[in-house]
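The sequence and the model should be kept in view while reading.

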Amino acid sequence: MADFTKKAIRNSFVKLLNEKPLKQITVRDIVDDCGVNRNTFYYHFQDIPQLVETMIKEDADRIIAENPRINSLEHCLEAIISFALQNRKAVLHIYRSTNRDMYEQYQWRVCEHVVTTYIDEVLQGRNIDPTDRRIIIEYVKCVCFGLVLGWLEKGMQDDIRADVHRLCELKQGDLEQMLDRCEQEK
């Protein structure tokens, strides 16, 4: 029953986030929408910021679990972009709120997972120095994070999927060249 109630609170919160900015949502709005009392809300969450944090962490964990193998940079970004597009207004309301840093931390964590998974897939059978692996992961993670952050900053107006596809076409072979250099230097 607790999971059902927690999910109902979360669903009401997301529904409200899709209707109005975070700073305009109250605990009263959430409990009225989902049909529970205030004490029930406070049993599960200390306050709205904790609800936001819990929701972001759970979504990050879900995206990570759903993407155990990633075989391209495009696939890396698709995991992040799909979630954002499905929850466009809610994501923008959180991104534009005082909880922006929390959302950016979530984004960073998801980027780190998908990029590390992708790089480890590419590295299979290659003899790469651990420091080089770390540097390459950081580089690709920053590119992915920066693209998504720039897209959010512009209100998610651009067709980011087309931009990512084109970027992947332009950068095709770059990662393989870096890895070849790493192996040659050993």
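Which helix gives the most residues to the lining of the largest pocket?

1. Basis of the note. This is a predicted model, in which local features need pLDDT of at least 70 and side-chain atom pairs count only at pLDDT 80 or more, while totals for chains, interfaces and linings use all residues. Residues are numbered from 1 along each chain as its sequence is written, and side-chain values use heavy atoms, with hydrogens and water left out.

2. The largest pocket. Helix 10 gives the most to this lining, with 4 residues. On a 1 Å grid over the protein atoms alone, a pocket is an open set of points where a 1.4 Å probe fits, with protein on both sides within 12 Å along at least five of seven lines, and lining residues have an atom within 4 Å of a point. The volume of the largest pocket is about 320 Å³. Its lining has 16 residues, and Leu 73, Tyr 118, Lys 171, Gln 172 and Leu 175 lie nearest the centre. Two or more lining residues come from each of helix 8 (130–153), helix 9 (160–171) and helix 10 (174–184). By type, the lining divides into 8 nonpolar, 4 polar and 4 charged residues.

3. The second largest pocket. This pocket holds about 180 Å³ of space. Among its 13 lining residues, Arg 10, Val 14, Asp 59, Phe 83 and Asn 87 lie nearest the centre. Helix 1 (2–17), helix 4 (48–66) and helix 6 (88–95) each give two or more residues to the lining, and helix 4 gives the most, with 4. The lining comprises 8 nonpolar, 2 polar and 3 charged residues.

4. Helix 2. In helix 2 (residues 27–34), Val 27, Ile 30, Val 31 and Cys 34 are buried, a term that means under 20% relative accessible area with a 1.4 Å probe, protein chains only. These residues lie on the same side of helix 2, because they cover an arc of only 90° around the axis. An α-helix has 3.6 residues a turn, so residues three or four places apart point the same way. Just after helix 2, Gly 35 has a positive phi of about 80°.

5. Cysteines. The structure holds 0 disulfides. For Cys 182, the closest cysteine sulfur, in Cys 142, is 17 Å away, also too far for a bond. Cys 111 is buried, at 0% relative accessibility, and Cys 182 is buried at 10%.

How values were computed: A disulfide is a pair of cysteine sulfur atoms within 2.5 Å. Buried means under 20% relative accessible area, exposed over 50%, partly exposed in between (1.4 Å probe, protein chains only). Grid points are joined across faces, edges and corners, and a volume is the space filled by probe spheres set on the points. Ala, Val, Leu, Ile, Met, Phe, Trp, Tyr, Cys and Pro count as nonpolar, Asp, Glu, Lys and Arg as charged, and the others, Gly among them, as polar. The arc is that of the directions from the helix axis to the C-beta atoms.
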